[in-house]
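Visitor: I am new to this structure and would like to be walked through a few of its side chains, one at a time.

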Amino acid sequence: MQGTVADYDPETRTGTLLLDDGSRVTFPATAFDASGLRLLRLGQRVRLEHDDAGRLVRITLPTFP
């Protein structure tokens, strides 16, 4: 699943993603920390990874494996 960064707070490392269907998803600092990224930019495309329970656990760039 992919989305676009709608909001990102570098101090708390949390933010909101806008999915292609128009829904908004917030992400916790743990999902950002698992990404290995140093920052996110508004409008940036990202890939969302969920665990078996459906929790957002990692955000990566679409080009990362």
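Visitor: Which backbone nitrogen does the side chain of Ser 35 reach at 3.0 Å?

Guide: This is a predicted model, and in it Ser 35 sits in the loop between helix H1 (29–33) and strand S4 (45–50). Its side chain reaches the backbone oxygen of Phe 32 at 2.5 Å. The backbone nitrogen that the side chain of Ser 35 reaches, at 3.0 Å, is that of Leu 37.

Visitor: Is Ser 35 buried or exposed?

Guide: Not counting residues up to four places away in sequence, Ser 35 touches Arg 58 and Ile 59. Buried means a relative accessible area under 20%. Ser 35 has a relative accessible area of 6%, and therefore counts as buried.

Visitor: How far apart in sequence are the parts that Arg 13 and Asp 33 tie together?

Guide: Arg 13 forms a salt bridge with Asp 33, with the closest N and O atoms 2.7 Å apart. Arg 13 lies in the loop between strand S1 (2–9) and strand S2 (14–19), while Asp 33 belongs to helix H1, so the parts that the pair ties together are separated in sequence by 20 residues.

Note on methods. Residues are numbered from 1 along each chain as its sequence is written. This is a predicted model: local features need pLDDT of at least 70, side-chain atom pairs count only at pLDDT 80 or more; totals for chains, interfaces and linings use all residues. Side-chain values use heavy atoms; hydrogens and water are left out. Helices (H or I, at least four residues) and strands (E, at least two) are DSSP runs, numbered from the N terminus. Buried means under 20% relative accessible area, exposed over 50%, partly exposed in between (1.4 Å probe, protein chains only). A polar contact is a pair of N or O atoms within 3.5 Å; within protein, one must be able to donate a hydrogen and the other to accept it, and residues adjacent in sequence count only if both atoms are side-chain atoms. Contact means heavy atoms within 4.5 Å. A salt bridge is a side-chain nitrogen of Lys or Arg within 4 Å of a carboxyl oxygen of Asp or Glu.
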